[in-house]
Amino acid sequence: MRYVERLLQDIEYVTLVKKQEEAEADRRFCRHGLSHFLDVARIAWIMCFEEAAKEHRMLDGWKKEQIYLTALLHDLGRLAERKEGIPHHQAGADLAKYFLKKIDWPLDKQQEILNAIQGHRGEEKLNNEFTNLIKKADNKSRNCFFCDMQEACNWNCERKNKTIQS
Ligand SMILES: [Fe+2]
Ligand SMILES: [Fe+2]
């Protein structure tokens, strides 16, 4: 995954993720650092892979990279939300655009990633398969059944995960 490698070796990206992790170090609810990004990436990839296998469908060679990039970028706006009050899906989409350009991700493949970041919040299903995949993986990445903050969390009962993604 050469574009993913480029992003993970980008000092500006790494610094931003680390700053975000530091800012959330005392947060008692779900955090938004590299572990979360990778959980989302891996769950989304597994779901995508399983769906394709079920239908005996070959996956486009770009798919895995697209999923990982989206997951690695989807919550990058949390720091801007914290500091400047900009909703993180918006701040994140702007940052994603910047980093995708920096790593030379093809322009014609950019929009789907930006749409998924813009639309990754909330519970409603959207009319976009890729965005829904990321939303679902984002949701499933949280181990609510194991979390001490269950009671205080503002996710509704339906949304809280009662078990692991299977
Ligand atoms: Fe988010
Ligand atoms: Fe997330």
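User: Why is Asp104 called exposed?

Analyst: Asp104 has 10 other C-beta atoms within 10 Å. A residue is exposed at 12 or fewer such atoms, buried at 20 or more and partly exposed in between, with C-beta atoms placed from the backbone; Asp104 is therefore exposed. The model is predicted: local features need pLDDT of at least 70 and side-chain atom pairs count only at pLDDT 80 or more, while totals for chains, interfaces and linings use all residues. Residues are numbered from 1 along each chain as its sequence is written, and chains are lettered from A and ligands numbered from 1 in the order in which they are written.

User: Which value makes His56 exposed, and what is its phi?

Analyst: His56 has 6 other C-beta atoms within 10 Å, and is therefore exposed. Its phi is positive, about 50°, although it is not a glycine. His56 belongs to the loop between α3 and α4.

User: How do you know that Leu69 is buried?

Analyst: Leu69, in helix α4, has 26 other C-beta atoms within 10 Å, and so is buried. Leaving out residues up to four places away in sequence, Leu69 touches Tyr3, Val4, Leu7, Trp105 and Ile113; contact means C-beta atoms, placed from the backbone, within 7 Å.

User: What makes the buried residues of α7 lie on the same side?

Analyst: The buried residues in α7 are Ile113, Ala116 and Ile117. They cover an arc of only 100° around the axis, and so lie on the same side of α7; the arc is that of the directions from the helix axis to the C-beta atoms. These buried residues pack against α4, α6 and α8.

User: Why is α6 called roughly antiparallel to α7?

Analyst: Their axes are 8 Å apart and the packing angle is about 155°. Axes are lines fitted to C-alpha atoms, for helices over the stretch in contact, and angles run from 0 to 180 degrees between N-to-C directions. Angles under 35 degrees count as roughly parallel, over 145 as roughly antiparallel, 65 to 115 as roughly perpendicular and the rest as oblique. α6 is therefore roughly antiparallel to α7. Residues making the contact include Gly92 and Ala96 of α6 and Ile113 and Ile117 of α7.

User: Why are α3 and α8 called oblique?

Analyst: The axes of α3 and α8 come within 8 Å and cross at roughly 125°, and the two helices are therefore oblique to each other. Among the residues that meet are Val40 and Ala44 in α3 and Leu133 and Ala137 in α8.

User: How many residues are in the largest nonpolar core?

Analyst: The largest nonpolar core has 27 residues, and those with the most contacts inside it include Val40, Ala44, Leu73 and Ala96. Helices α2, α3, α4, α6, α7 and α8 each supply at least two residues of this core. A nonpolar core is a set of buried Ala, Val, Leu, Ile, Met, Phe, Trp, Tyr and Cys residues joined through C-beta atoms within 7 Å. Not counting residues up to four places away in sequence, Leu73 touches Gly92, Leu95, Ala96, Phe99 and Ile117.

How values were computed. Helix = DSSP H or I, 4+ residues; strand = E, 2+ residues; numbered from the N terminus. Contact = placed C-beta atoms within 7 Å.
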